Amino acid sequence: LELELHAQFEAENDGLGQVRPAGPQGRYHIMTWHCSDVYCGKSHGDNIYFLDSWNLTNPAAKVPLPMLSKGSYARDVSCGADGLCLVSLTWDGFVALDSGVAGTVNQFSVVASHIGNHPFSTSYVPLSEAHLRMYSGAQKVYSSEIFPRHFYVEHADFNLRPLRMGDVIRALQMNEIYVAEVRGYNQSVKAESPASSVPGGTIIRAQDLGSRSSDQEAALAIDEGQARSESESMNQGEGKVDIPLIGVLAACTAFAFVLVAVLIMMLLMRMKTERQTKEIGR
């Protein structure tokens with residue numbers, strides 16, 4: 001053991017979240033702090049940290065996330081090969097962060113944001129229960145290994161009504177994946193206010209994976225080594241399975257019962273007709 005490091009940036013024993021490689025040649029480790037401000041106060045969980053793995057004795061660089069609202073926190077982070085990273089912020093959305101893009105003047109800075117937009121911030125969660133926001137919106141993030149500055153973002157659709165009824169499964173639906181693309185980022189232009197404006201007209205474009213064309217969708221599926229389902233029940237417009245398997249089985253079972261009932265009725269009517277014919281013949 002060459003060096004033992006205790007991450008105690010915001011608390012002595014609790015809060016350390018995700019740790020991901022970042023920067024040129026994976027020089028840095030980017031760390032999130034999983035402590036919602038509902039429990040730890042506004043001064044906890046609203047920052048991410050960069051640790052220099054080439055010199056672990058240096059203090060970690062602190063990057064504030066002032067766009068976080070009550071109940072949200074930095075859920076996950078993933079970085080592309082060029083050093084541009086995406087940080088998911090649950091109910092608030094996500095931000096792009098420069099961890100060391102070649103020729104950058106914005107290292108360790110937020111350079112673009114997708115905050116308070118559809119569909120990540122549309123789940124209704126009252127302020128009195130803001131701690132539930134961490135279960136909605138942008139969750140896990142995965143960077144594409146083929147498409148530069150493309151990221152896959154898990155979307156959780158949180159519904160408060162089923163939760164109050166005790167149905168946790170229906171309350172938390174995680175059946176959508178969005179593709180977030182960072183466009184127009186010019187790393188040679190200094191970022192001033194990433195929460196409202198970004199350098200070089202940088203934008204983050206989020207698109208439902210199911211709304212892409214078939215060629216694009218197939219390419220993205222190959223990118224992550226996943227086979228694309230050819231089921232006819234897949235709705236290309238929304239990227240969701242419109243008819244669940246259990247619904248299909250239930251419909252088939254009901255149809256079988258109806259068919260058997262009709263056959264039995266036809267058999268009884270035929271027997272009755274034959275009986276009447278015999279009585280008339282007598």
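**Entry 1: salt bridges.** I first looked up aspartate 76, which forms a salt bridge with arginine 20, the closest N and O atoms being 3.3 Å apart. This pair links distant parts of the chain, with aspartate 76 in strand β5 and arginine 20 in strand β1, 56 residues apart. I took a salt bridge to be a side-chain nitrogen of Lys or Arg within 4 Å of a carboxyl oxygen of Asp or Glu, and strands to be DSSP runs (E, at least two residues) numbered from the N terminus. The model is predicted: local features need pLDDT of at least 70, side-chain atom pairs count only at pLDDT 80 or more, and totals for chains, interfaces and linings use all residues. Residues are numbered from 1 along each chain as its sequence is written, and side-chain values use heavy atoms, without hydrogens and water.

**Entry 2: accessibility.** I noted aspartate 76 as buried, at a relative accessible area of 0%, and arginine 20 as partly exposed, at 24%. Buried means under 20% relative accessible area, exposed over 50%, and partly exposed in between (1.4 Å probe, protein chains only).

**Entry 3: further pairs.** I found arginine 149 and aspartate 82 joined by a salt bridge of 2.8 Å, N to O. Arginine 149 lies in the loop between β9 and β10 and aspartate 82 in the loop between β5 and β6 (84-88), 67 residues apart. Aspartate 82 is partly exposed, with a relative accessible area of 30%. I also recorded a salt bridge between the side chains of arginine 183 and glutamate 181 (3.2 Å, N to O). Shared partners join Arg20, Asp76 and Lys140 into one salt-bridge network. The count comes to five salt bridges.

Definitions and conventions. Helix = DSSP H or I, 4+ residues; strand = E, 2+ residues; numbered from the N terminus.
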